[in-house]
Amino acid sequence: MSVITLTKDNFETEVLKSSKPVLVDFWAEWCGPCRMLSPVVDKIAEENDAIKVCKVNVDEQPELAQQFKVMSIPTLITFREGKVHNISVGVISKEEILNLI
């Protein structure tokens, strides 16, 4: 499954109303650690059809970053049944990301 780019317009449909667990990566282009984590998140999206993987560019969607109190990036937030399940800040391994879900 490919990574879904989230905006304030599609967030509710793609994340809050999803029947699958959702991994959301809050990132920015200028963020070095975000660039390190991005290929790992992309790989998880490719390998796992049971998980919906999404990304939020915090520079383009500041409202979403504020809504979830994202102060540092990269921040990964997992959702289950429309509710926040886990939060991780910083670069972590693929195994640690899968454990969040």
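Reader: Let us start with strand pairing. Which residue stands opposite Asp25 in strand 4?

Author: Asp25 stands opposite Leu76. Strand 4 (residues 75-80) pairs with strand 2 in the antiparallel sense, over 5 bridges. Two strands count as paired if DSSP finds at least two bridges between them. Helices (H or I, at least four residues) and strands (E, at least two) are DSSP runs, numbered from the N terminus.

Reader: Before we continue, what kind of model is this?

Author: This is a predicted model, in which local features need pLDDT of at least 70 and side-chain atom pairs count only at pLDDT 80 or more, while totals for chains, interfaces and linings use all residues. Residues are numbered from 1 along each chain as its sequence is written, and side-chain values use heavy atoms, with hydrogens and water left out.

Reader: In which sense do strand 2 and strand 3 pair, parallel or antiparallel?

Author: Strand 2 and strand 3 (residues 52-57) pair in the parallel sense, over 6 bridges. Within this pairing, Phe26 stands opposite Val56 of strand 3. The chain passes from strand 2 through helix 2 (residues 32-47) to strand 3, and this β-α-β crossover is right-handed. Right-handed means that, with the strands pointing away from the viewer, the path from the first strand over the helix to the second runs clockwise.

Reader: Why is strand 2 described as largely enclosed?

Author: Strand 2 (residues 22-27) has 5 of its 6 residues buried, so the rest of the structure largely encloses it. Buried means under 20% relative accessible area, exposed means over 50%, and partly exposed lies in between (1.4 Å probe, protein chains only).

Reader: Now the charges. How many salt bridges are there?

Author: The count comes to 6 salt bridges, each being a side-chain nitrogen of Lys or Arg within 4 Å of a carboxyl oxygen of Asp or Glu. One of them joins the side chains of Glu63 and Lys8 (3.7 Å, N to O). This pair links distant parts of the chain, 55 residues apart: Glu63 is in helix 3 (residues 62-67), and Lys8 is in the loop between strand 1 (4-5) and helix 1 (11-16). Glu63 is partly exposed at 37% relative accessible area, whereas Lys8 is exposed at 51%.

Reader: And what distance applies to Lys94 and Glu47?

Author: Their side chains meet at 2.5 Å, N to O. Lys94 is partly exposed at 24% relative accessibility, and Glu47 is partly exposed at 41%. Salt bridges with shared partners join Lys43, Glu47 and Lys94 into one network.

Reader: What is Val15 in contact with?

Author: Leaving aside neighbours within four places in sequence, Val15 is in contact (heavy atoms within 4.5 Å) with Leu6, Val22, Val24, Cys54, Phe79 and Gly82.
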